[in-house]
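Welcome! Take a moment to look over the model below, and then we can walk through a few of its features together.

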Amino acid sequence: MTDAGNPIRHVLVVGAQCEGGDNLEGLEDAARDLHAVLVDPDLGGCVNREGSLLLGTNLGADAVRKAVERAAEAARDDGSPLVLALLGHGEGGEGAPLYFVTSGRRNAQPLANLDVSSLLEAALNHSGLTGLIAIVDTCFSGAAVPNASATTAGLQGGMTRGSLLFAATAKQPAFGMQLSRQLALLIREGLPDAGHFLEVDSALLQELRDRIAGQNVGRNNYDGDPYPGDSLWLARNRRACLNHSLGSVSSEVVRAAVRRIDPSLRLSTEAEIDAWLRENPPTAGVGPWAAVQRLHEVKDELTAARRTLAVGNKVFGPDLTEESLRLAGMLAGLPLHLVRQERAPTLRNLVEHAAHRGRDVHGSHRALAHLVAAMTHVARPGARLAEEVTALALDLDFSFTVNSRLGELDEGTTRLVLVLADDGGESVVRVDAWLHFGRAVLGNKRFSCGPGAEGLKTALAKAVAWAAPWANVAREPLEHIDVAAPTLALLDFPPEEQFVGTRRLGVNYTVTTRWSGLLTPPPDTTLEDMLQVGERLLASLKDGTGCTGPKWLHEEQLGTIERLREHLGNHRVGRQVWAVASLPKTDWALMAQELLEHTPALVWPRQRHVTDDQVIKASVEKHWRALPRQIARAYQDHPTGVVQSLNDDLGHLAAVRAVWHDKDWHAFCARRARAVVQAPHEMTPKERT
């Protein structure tokens, strides 16, 4: 037998119902079930094309014949076999031809129904068809056997092949759609010791006969094709797949789950687990209930891993290298130690880790979805999802997660987000770090912060050092760092001025300063309120009509905190970016808090004493559309904030500080809001991904 791999195969399942008292109970369900296993990529592997399932009453012989012709043409175009299943009433037999009742009523004129033998003979002789497997589930279906002379001396000159599985002999009735039901069940379960594929052979026939009572199931095979290529198989044998050895990650998970039930129990393959669970339902009381339930979860994870591995090898295998596989693992958010080990991780290890240790709290295969998206991003950037990937995502119910993750990955490069938290006090007590690729979160970690500037310096250095290995896997330098902080910390410890090692953070990296009020809102303000303010600002900056430049505050408006509050009360929140050319003499911290609550973006001078505020205003307005990036560039060139040349208009921006709000920061804040503001150490590994 040659390896069937993943050939294109076509199917047509016809369920022809009759009216009134001749109605066959359960016919439609049996037809749908049989069709489902035949189009399952892991089982029948047939194309689920439009029209491959035909159900109805009074279909008519012509409609069914045309449906068979369309299916045969599709199979011929793809050089594939055709699986044809006919379910319904059968008339004739006992020496007469078998007629498939398509007229909707029994005992109709023969021309109103379909001569099955003639239909199969025509299909066997259809040029270009590489084989026919027919399943006939009707009374007297043994009479469907094609005429020998028509098969051996037809248009194909006998160079054809076919298999027929019939529900009963030519003299017997058939009951309850047993053949279709039991065949679908057998395909789902698989057959021990039957090899990788189920064929219409003696082993399959004997299993069906053991399951079906009151009628004699039979088969008929013909093979006159001297160049057959792949064997003529009905479905992949699930038992053979389940007996495959597991990788190291799955083996460890299985051993742990089995030990919880009984330390002496030995289960090492998917097939053994499947059999044990069937023999020991939860009601049997074998082992602790939670342990048995965990084994059910492991079985589901093994199935998901096996299917994902098969699709991953087929679709992405030809394009992935060891290094790109490391990158895919990192972009999926898998642990750094897994992707950075000296010996490159295998696809099996990544898939098994994601399947067993990456389900979210709702049981969804979130990490697997992220891995599939990451492989797509790395191996096939910009391409549409392959059909096999789309089918896998639908089957495992993570289509939306894959699509969302792809959108996040496609939006950019590596970016580190650092959030300075004061827990309501006056000092920074920790730094929470999130590493992003585009908008996708790859990992997060918390760093405690000692008192004063030295404690903050140490925590920032640890956070940047933590992110560096991720960037090295991505083979790109870490350039962009967002630093968010509450108002007092922003004013007392300008993020870009903090030393990491021997250099200022804003000199080595492009630092964008954010206000953390959209993560931890001020008193008497809800998180949703602040997010709405942010939404308004984004809309105002985007439409080009609401906010076309900074809104400069005059000296009298900053005279007292009361005057500022009165002024802000006359303006809609989130509609402008406030700017201050000269700092007020008193209460700047309170005023900055009021301004940021009104709009989470603010421009103000780096130094208290400004020699020429008009120069600063002109520079900010000239580079308005490129803020805050140009401010970061200016600071990298002039970290002292002092510019010697009056002609260096970009350099004048080095004398300015800015807190900024944009779509990336807003998306991060909204995501954290959905996570109910959980800190990294309060989250499970599943929730972190």
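Two strands count as paired here if DSSP finds at least two bridges between them. Keep in mind that this is a predicted model.

Now zoom in on one pair. Strand 12 (residues 414–421) and strand 13 (residues 430–437) run antiparallel and are joined by 8 bridges. Across this pair, Arg 415 stands opposite His 436 in strand 13.

Most residues other than glycine have a negative phi, and most peptide bonds are trans. Here are some exceptions to look for.

Phe 140 is not a glycine, yet its phi is positive, at about 60°. You will find Phe 140 in the loop between strand 7 (132–137) and helix 4 (148–152). Is Phe 140 buried or exposed? Phe 140 counts as buried because its relative accessibility is 19%, and the cut-off for buried is under 20%.

Asp 524 also has a positive phi, near 65°, and sits in the loop between strand 18 and helix 20 (527–543). Asp 524 is exposed, with a relative accessible area of 85%.

## A cis peptide bond

Which form does the peptide bond from Leu 627 to Pro 628 take? This bond is cis, with omega near 5°. Pro 628 lies in the loop between helix 23 (613–622) and helix 24 (629–637).

How values were computed: Residues numbered from 1 in each chain as written. Predicted model: local features only at pLDDT ≥ 70, side-chain atom pairs only at ≥ 80, totals over all residues. Heavy atoms only, no water. Helix = DSSP H or I, 4+ residues; strand = E, 2+ residues; numbered from the N terminus. Buried < 20%, exposed > 50% of the residue type's maximum accessible area, 1.4 Å probe, protein only.
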